[in-house]
Structure formats: C-alpha cells, structure tokens
Amino acid sequence: MRMAGTSLAGCKKKDMSLKLHEPRNIKGVISYRRTFGDLNEAHLNVAQAIGITPIASRKEAEHMKEKLQHIETNDLYVVDSLTHSIPYLIKGAAQLLDTIGTNFLDSLTAKGLNPNKIIVTSVLRTEDDVKRLRRRNGNASVNSAHFYGTTFDVSWKRFKKVEDEDGRPLQDVSSDTLKLVLSEVLRDLRKADKCYIKYELKQGCFHITTRGK
C-alpha cells in the first residue's frame, strides 16, 4: 500500500489553473505630465555633454562599437520593430534600460502582478532616419536627444506578457495598471538623478535620457 501511495504522489499533476493576481500597493503618480515634465532642453544638454557626435547613417553606427552598445530583446525588455531608429545606446543608457526593465519586473512581483516586459519603441536616430521621419511627421525634431545614443522611448500603452515557464495560464494585467507601476519605477530613478523623462501623450511613450555615461 505504501508503494502505491508513493507512486501516486510521484505522478502529481502540474497546477494548470489560471494564475490570478493578488494586487497590492499600486499607486502610480499624481500627474504624469508634472512628474515627467523635463523639457527637451534638459535632455539635449546632457545628451550633447555625454553622448556621441551625431552620425549620418546606420552604416556609421556599426563601426562605433567602442562607443555604442547594440541592444536587443532579452529577459528584461523587448525592442520593438524599429522603423526610424537603430538599436544602439551609449553604455550609461544601456545600463539604465537594464535597470528599468529589472526594477519593473521586480515591482510587478512585489505588487502581486504577473510579469510583463517593457517595450522600447525608439532608440538612436541617424540624420538619415530623421530625414525619413520628417517626410511622415513634419513635427519630428531635427534637434533631438535621440541623435546622441543617450535616449530611448518606452511605451506606456503596450507591454509584453512573460509566459509562465511551466505553461500555466496567467491572468492578463491591464495596460493602465502596468503604466501605473512603470511610472513608479521611473519616478524613483528620476528622483535619484539617473535620468530625465518627458511624458509623451501623442506618441504613447516615456522619452528617457540617461544622465550617466
């Protein structure tokens, strides 16, 4: 009888029930615009001080491995299908992006929410990229911090759900809730003087410039 009991215990089925949230301490910020209101001038000043010299083309970026780090989708964030920028950042910006991705995932866990990754929507822009962008959007700035490898945009509309390793279905987290959690993460980094942040309403993103090399 003991052997039969041991055998049954060894064949225990995986828990495939829906993993529900246990939300707690989700506060966000009082005002996105007030909390993340750093003007383009602040972004530009630090970008020009610590970033690369603006480059003409994507081919040029490929030969700057000593100054730029290539970024790609990983366990911390997703790089979107970039249409008017290329996935390169200076070391300080790449480290900041890692920190944001890590802190966001940790914060979701601490707040009882299922894991999601941030999505990077824009990174380094070459002069060629901006010319093409201006054909589509006449308001695209020719004096952007995106020229310097210091700056990236993170969506507050879209996130990428992390699937459970054991295949257990996960309850979805609303984009509004994820935005609240992300805003807390970004607010803390901005308060620690790690970055400048502008809340972009029309573009649906946080425009972020590192303050560290």
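**A pocket, a strand and a threonine**

Let's start with the second largest pocket: its lining has 3 nonpolar, 4 polar and 3 charged residues. Here Ala, Val, Leu, Ile, Met, Phe, Trp, Tyr, Cys and Pro count as nonpolar, Asp, Glu, Lys and Arg as charged, and the others, Gly among them, as polar. A pocket is an open set of points on a 1 Å grid, where a 1.4 Å probe fits, with protein on both sides within 12 Å along at least five of seven lines; lining residues have an atom within 4 Å of a point. Among the lining residues are Lys19, His21, Arg24 and Pro115.

A word on the model. It is predicted, so local features need pLDDT of at least 70, side-chain atom pairs count only at pLDDT 80 or more, and totals for chains, interfaces and linings use all residues. Residues are numbered from 1 along each chain, and side-chain values use heavy atoms, without hydrogens and water.

Now strand E5, residues 151-155. Strands are DSSP runs of at least two residues, numbered from the N terminus. Is E5 buried or exposed? 5 of its 5 residues are buried, so E5 is largely enclosed by the rest of the structure. Buried means under 20% relative accessible area, with a 1.4 Å probe and protein chains only. Thr151, Asp153 and Ser155 cover one side, Phe152 and Val154 the other.

Next, the neighbours. E5 and E8 run antiparallel, joined by 5 bridges. Threonine 151 stands opposite threonine 209 in E8. E4 also runs antiparallel to E5, with 2 bridges.

Last, threonine 210, in strand E8. It counts as buried because its relative accessibility is 3%. Threonine 210 touches Val46, Leu96 and Cys195, among others; contact means heavy atoms within 4.5 Å.

Key
Helices (H or I, at least four residues) and strands (E, at least two) are DSSP runs, numbered from the N terminus. Buried means under 20% relative accessible area, exposed over 50%, partly exposed in between (1.4 Å probe, protein chains only). Two strands pair if DSSP finds at least two bridges between them. Lists of a residue's contacts leave out its neighbours within four places in sequence.
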